Amino acid sequence: MKRMLPRWSQLSKCMAAVSLLLGGTFWLPTPAQAATRQEAGITTSATLLHMSSSDLHSRLSDIKRLGATWIRIDVSWPAIQPDGPGSYSWDAYDHVVHEATAQHLKILAVLAYTPAWAQTPQCAAQAGSASSAQKCAPRSAQEFGHFAAMVSARYRHQAVRGWEIWNEPNLTAYWKSVQRNSQIAVDPQAYAQIANAAAQQIRQHDPDSVIVTGGLAPLFEPHHATGLRQSDYLAQLLPHLNRDLFDGVSIHPYSWPVLPSRAAVYNAFYTVDHGRPRYNLRTIMQRAGWGSKQIWGTEFGASTKGVRAMARPTRFVRPDHVTESTQAQIVQQGVDDWYKKSNVGPLFVYSDSDKWLSSRKPNEDGFGLKRSNGTNKPAYDAYQMAVKQLKQSAYQ
């Protein structure tokens, strides 16, 4: 398949040659900076898989009309290797990558979750169900690294331009390690082992791509049974990561039900670079020697559906949804303000339409910029306008 985007190494060599011919010097940004300046994305999770060709083409075309240049998709290890380490099932992912490449969209691929054969028996038993057990930590960092090697080698010449290793590993709902007391908990050090293994393989097979850590979820009143705060997890994680392998860290800077600019401990957008040092992610990164690395916002938005009353939020509890007009305000301000922060990658809004989202959770199917019937919410136009202004500012 013909590559739609030039390799960074080829581009840098060409620019360097031009510089020498002109008798001057030429500064080039890092691959991560070059790939992401003034760009925005849409998080689609696993919802693009198994769509018909016509539906997939139509949906990605609509995402392009929004102005997005990136899509974030889950690349599930259990889906690709359900039966063991010697077999692969690529068709669903080939379909999505091929269509995204044809439409000149960049993919941030989230490598995540554990097939049954790669789980520890202890975690599988504690998880209680096959679906929950997929969130068990892999039994072997080497096996997860091999999976990363196979995926990155397969898609290196196509639309995949970034890799995110796992999703929300600071929550036990998405990462399960069995502790000595047989309880399930998150484990930044164990996560670091599989992240390092995966990143090392990706660097070998797709050296010009962007690699970020797994997106951390907001959790401001943590408990061992649910997980750790973004800030606490990041502080424990960074010393165990190989800094040279990563371009940045990934977070989910949700602010709802308040606007991103609101100073509040439960506002993960605000605590990216504001608030007390304990909660301020940029401060934590600087202290760990990661100050030059990017912060990617790989999930952001607000749901317009839910079951909790729209009461005044506190650090202990907040409404699980907002009105459509508030969703539009959050999305617009989020896109406007995110790129004013220093050294950030793309902001990915979750998601393009309620039609494709699961109704299994009370508010999960309300995050779309469109309603289930395909009509636009106010947030659709707000996102489109904000991204248009973002692109215009890049040329001023």
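**Exercise 1. Find the loop that holds His104, then give its phi.**

Step 1. His104 sits in the loop between helix H5 (91–102) and strand S3 (106–112). Helices (H or I, at least four residues) and strands (E, at least two) are DSSP runs, numbered from the N terminus.

Step 2. Phi of His104 is near 60°. That is a positive value in a residue other than glycine.

The ground rules come next. Residues count from 1 along each chain as its sequence is written, and side-chain values use heavy atoms, without hydrogens or water. The model is predicted: local features need pLDDT of at least 70, side-chain atom pairs count only at pLDDT 80 or more, and totals for chains, interfaces and linings use all residues.

**Exercise 2. Describe Tyr113: its place, its phi and its burial.**

Step 1. Tyr113 is in the loop between S3 and H6.

Step 2. Its phi is near 75°, again positive in a residue that is not glycine.

Step 3. The relative accessible area of Tyr113 is 9%, which means that it is buried. The cut-offs are under 20% for buried, over 50% for exposed, and partly exposed in between (1.4 Å probe, protein chains only).

Step 4. The charged end of Lys135 sits over the ring of Tyr113, 4.8 Å from its centre. Such a contact needs NZ of Lys or CZ of Arg within 6 Å of the ring centre and within 35 degrees of the ring normal.

**Exercise 3. Find the disulfide and work out its handedness.**

Step 1. The structure holds one disulfide. A disulfide is a pair of cysteine sulfur atoms within 2.5 Å.

Step 2. Cys123 is joined to Cys136, with S to S 2.1 Å.

Step 3. The torsion about the S-S bond of Cys123 and Cys136 is about -95°, so this disulfide is left-handed.

Step 4. The two cysteines lie in distant parts of the chain, 13 residues apart. Cys123 is in helix H6 (residues 121–127), and Cys136 is in the loop between helix H7 (130–133) and helix H8 (141–155).

Step 5. Cys123 counts as buried because its relative accessibility is 2%. Cys136, at 0%, counts as buried too.

**Exercise 4. Locate two cis peptide bonds.**

Step 1. The bond from Trp256 to Pro257 is cis, with omega near 15°. Pro257 lies in the loop between S8 and helix H11 (281–287).

Step 2. The bond joining Tyr350 and Ser351 is cis, with omega about 0°. Ser351 is in the loop between S10 and H13.

Step 3. Return to Trp256. The charged end of Arg318 sits over its ring, 3.9 Å from the centre.

**Exercise 5. Check the span of H12 and name what it packs against.**

Step 1. The expected span is 1.5 Å times one less than the number of residues.

Step 2. H12 (residues 324–338) has 15 residues and should span 21 Å; its end C-alpha atoms are 21 Å apart, so the two agree.

Step 3. Buried residues in H12 include Thr326, Ile330, Val331 and Trp338.

Step 4. The buried residues of H12 pack (heavy atoms within 4.5 Å) against strand S8 (248–251), strand S9 (294–300), strand S10 (344–349) and helix H13 (378–393).

**Exercise 6. Where on H13 do its buried residues lie?**

Step 1. They are Ala379, Tyr380, Ala382, Tyr383, Ala386, Val387 and Leu390.

Step 2. They cover an arc of only 165° around the axis, which puts them on the same side of H13. The arc is that of the directions from the helix axis to the C-beta atoms.

Step 3. An α-helix has 3.6 residues a turn, so residues three or four places apart point the same way.

Step 4. The buried residues of H13 pack against strand S1 (40–45), helix H3 (53–66), H12 and S10.

**Exercise 7. Classify the ring pair of Trp70 and Trp296.**

Step 1. The structure holds 22 aromatic pairs. Rings of Phe, Tyr and Trp (its six-membered ring) pair if their centres lie within 6.5 Å; planes under 30 degrees apart are stacked, over 60 edge-to-face, and the rest tilted.

Step 2. Trp70 and Trp296 are 5.5 Å centre to centre with 85° between the planes, an edge-to-face pair.

Step 3. Trp70 in strand S2 (residues 70–76) and Trp296 in strand S9 are 226 residues apart.
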